[in-house]
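Please go through the report below with the sequence and the 3D view open.

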Amino acid sequence: MYDDFNYIVTPSGCIVTKYTGKEKIVTIPKKINEHQVNEIGMHTFAENKSIEKVIIPEGVKQIGIYAFAGCSS
C-alpha cells in the first residue's frame, strides 16, 4: 500500500517526499508504517501529468513549496 510513496520519518511523524505510482486519483494514507503523515514535502507530485486528484488526510499540517508544480490536472 505504501510502495508508491517515498517518505522520511521525523520525530513528529513522517513526510511524504515523492509519489512514484501511476494512479490518476491518489489517496495519501493517514499513516505509513504506524507513523502519522503530517507533511507533504517539496516537489512531491511535481511534473506528474497523470494525477487528476489527490486526497489529503486529516492531520497533514504542511504542504511543501512546489509540491504540485507542473501538474496540469
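## Burial and surface

A residue is called buried when its relative accessible area is under 20%. By that cut-off, 33% of the 73 residues in the protein chain are buried. The model is predicted. Its accessible surface comes to about 4700 Å². Carbon and sulfur atoms hold 52% of that surface.

The side chains of the protein chain include 8 positive and 8 negative ones. The centres of the two sets lie 3 Å apart.

## Overall fold

The protein chain has 0 helices and 7 strands. Read from the N terminus, the order is β-β-β-β-β-β-β. The radius of gyration is 11 Å, close to the 11 Å that the globule rule gives for 73 residues, so the protein chain is as compact as a globular protein of that length.

Along its principal axes, the C-alpha trace spans about 35 × 25 × 20 Å. Now take the contacts in the protein chain with a separation of 6 or more: 43% of them come from residues 24 or more positions apart.

## Strand S5 and its partners

Which strands pair with S5 in the parallel sense? One is strand S2, residues 13–19, which pairs with S5 over 3 bridges. Within this pairing, Val-16 has Ile-40 of S5 as its bridge partner. Another is strand S7, residues 62–63, which pairs with S5 over 2 bridges. Here Ile-40 stands opposite Ile-63.

Strand S4, residues 31–32, pairs with S5 in the antiparallel sense, over 2 bridges. Ile-32 has His-35 of S5 as its bridge partner. S4 and S5 form a hairpin with 2 residues between the strands. In this hairpin, Asn-33 takes a positive phi near 50°.

## Asn-48 in its loop

Follow the chain on from S5. Asn-48 sits in the loop between strand S5 (35–40) and strand S6 (53–55). Is Asn-48 buried or exposed? Its relative accessible area is 14%. The cut-off for buried is under 20%, so Asn-48 counts as buried.

What does Asn-48 touch, leaving aside residues up to four places away in sequence? The list is Tyr-19, Gly-21, Cys-71 and Ser-72. Tyr-19 belongs to strand S2, which covers residues 13–19.

Terms used. Residues numbered from 1 in each chain as written. Predicted model: local features only at pLDDT ≥ 70, side-chain atom pairs only at ≥ 80, totals over all residues. Heavy atoms only, no water. Helix = DSSP H or I, 4+ residues; strand = E, 2+ residues; numbered from the N terminus. Rg over C-alpha atoms; globule rule 2.2 N^0.38 Å. Buried < 20%, exposed > 50% of the residue type's maximum accessible area, 1.4 Å probe, protein only. Contact = heavy atoms within 4.5 Å. Areas by Shrake-Rupley, 256 points an atom, 1.4 Å probe, with all protein chains shown as cover. Lys, Arg positive; Asp, Glu negative; His and termini not counted. Charge placed at Lys NZ, Arg CZ, Asp CG, Glu CD. Pairing = 2+ DSSP bridges.
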